[in-house]
Amino acid sequence: MGKTLSEIAEELKECDKKVQLIYAFNGTGKTRLSREFKKLVQPSDAKDIETDSMARDTILYYNAFTEDLFYWDNDLEKDTDRKLIVQSNSFIDWIIFEQGQDQSIIEHFQHYTDNKLVPKFELPPIKDEKGETIGYENHVEAISFSYQRGNEDDYELVKISKGEESNFIWSIFYSLIENVVDILNVVEDRETDEFDKLKYIFIDDPVSSLDENHLIETAVDLGTLIKSSESDVKFILTTHNPLFYNVLHNEFNKAKKYFLKRLEDGTFELKEQSNDSPFSYHLTLLEELHHAIKVNEITKYHFNFLRNLLEKTSTFLGYKNWTSLLPEDSRKAYESRIINISSHSKYTTDEIAEANDQEKQMLKYLVELLEDTYKFNKEQ
């Protein structure tokens, strides 16, 4: 006999781990679980993100309903005034005007997409008796996007892709939790006491429309941010994406890990995982390395995959250290290089995420050597 989602939410609430990571197939009930958890931990008099206010007393959460706050006005008649409309709510206004995160949102969005792709927050004008604009309301009613290449008078509004749209919406929430973490890391004399009661940040599938490169980078950045949190805030992360799960698994060795399953009778099972993925983790890593090599899109983070694959294989074979699997005549050099590259877990604008040609050749050589030496079933 399984449990209800409210019972599973209670189980998550009772866990003392800083991070809980949940994998579930699409349609299992992850989003409903996030709402059940919110109802459980949020005071009855707290407000709600989806209405004209916010649920930020004890919990901040991101799920499909967060994305539903936005929809496109495609201006089908003239096809020129394309805007991402913001549904009536004060959550976005609070982030931008009270928390001052507009520039941070733009920077995060451009980091994941294109620094020439510029979002603009559009505010309702305040007019005088003559109908002339004398100011603007502190309320975002839409966001427009344009490619700007130096000439401010020469740009066209564009409708961004679904992946770029997801990136933008995630950038809003990510900028908020980045700000929250920074504020709560200060023990005394904080700049605001607005987050003092915050206990949970629940993030449900922020990568539903991202390509693999952005997906990996999003997971890495999120992992780095959460690990930088020094407060007592707990994080619950859910996803249906195996690669996103595996990267987060790699980031959080001590996290509580689960597989959420929906049973035939409509109840649910939250099955605890060992400190591994619900998948054949080493084979998933190997498959991702093969793909990166094949399409020549090797990033520095793929060296984290290689290192983790070496660790899994060496443990299975009974070696004390993963470096024992490296070529003996140049073991120290390879070990140093892999550690140096894989330690760059957070990409910044000053660091090139893509590996150089020499690094790509090294990764390809070591993957092939590992497979040939230890007889991985390549067909499988």
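Predicted model: local features only at pLDDT ≥ 70, side-chain atom pairs only at ≥ 80, totals over all residues.
R262 sits in strand β11, which covers residues 256-262.

**R262 and its surroundings**

- R262 is partly exposed because its relative accessibility is 46%, and that class lies between the cut-offs of 20% and 50%.
- Beyond its neighbours within four places in sequence, R262 is in contact with G27, T28, R32, T267 and F268.
- R262 and G27 are 235 residues apart in sequence, yet their C-alpha atoms are 9.0 Å apart in space.
- A polar atom of the R262 side chain lies 3.4 Å from the backbone oxygen of G27.

**The sheet**

- Strands of a sheet pair through backbone hydrogen bonds, and the pairing is either parallel or antiparallel.
- Here 6 strands form an open sheet in the order β2-β9-β10-β1-β11-β12, and the pairing is mixed.
- The edges are β2 (59-62) and β12 (268-272); each has a single partner strand, so one side of each has no neighbour in the sheet.
- From one strand to the next, the twist averages 20 degrees.
- Strands β11 and β12 run antiparallel and are joined by 5 bridges.
- L260 has L270 of β12 as its bridge partner.

**Helices**

- Helix α1 (residues 5-14) packs on the sheet and touches β1, β9, β10, β11 and β12.
- The direction of helix α1 makes about 25 degrees with that of β12.
- Helix α8 (residues 242-251) lies across β1, β10 and β11, and runs at about 155 degrees to β1.
- Helix α7 (residues 212-228) contains T218, which is buried because its relative accessible area is 1%, under the cut-off of 20%.
- T218 and Y112 are 106 residues apart in sequence and 8.5 Å apart in space, C-alpha to C-alpha.

**Aromatic pairs**

- A pair of aromatic rings is described by the distance of the centres and the angle of the planes.
- The whole structure holds 17 aromatic pairs.
- One of them is Y62 with W170, an edge-to-face pair at 5.2 Å centre to centre, with 85 degrees between the planes.
- Y62 is in strand β2 and W170 in helix α6 (residues 162-184), so this pair ties together parts 108 residues apart in sequence.
- Y62 is buried at 0% relative accessibility, and W170 is buried at 1%.
- F109 and F168 also form an edge-to-face pair, with centres 5.5 Å apart and planes at 90 degrees.
- F109 belongs to helix α5 (residues 102-112) and F168 to helix α6, so the pair ties together parts 59 residues apart in sequence.
- F109 is buried, with a relative accessible area of 0%, and F168 is buried, also with 0%.
- Ring pairs link F109 and F168 with W72, F121 and F145 into a cluster.

Methods. Residues numbered from 1 in each chain as written. Heavy atoms only, no water. Helix = DSSP H or I, 4+ residues; strand = E, 2+ residues; numbered from the N terminus. Buried < 20%, exposed > 50% of the residue type's maximum accessible area, 1.4 Å probe, protein only. Contact = heavy atoms within 4.5 Å. Polar contact = N/O pair within 3.5 Å; in protein donor to acceptor, adjacent residues only side chain to side chain. Pairing = 2+ DSSP bridges. Axes fitted to C-alpha atoms, helices over the stretch in contact; angles between N-to-C directions. Phe/Tyr/Trp six-rings, centres within 6.5 Å; stacked < 30°, edge-to-face > 60°.
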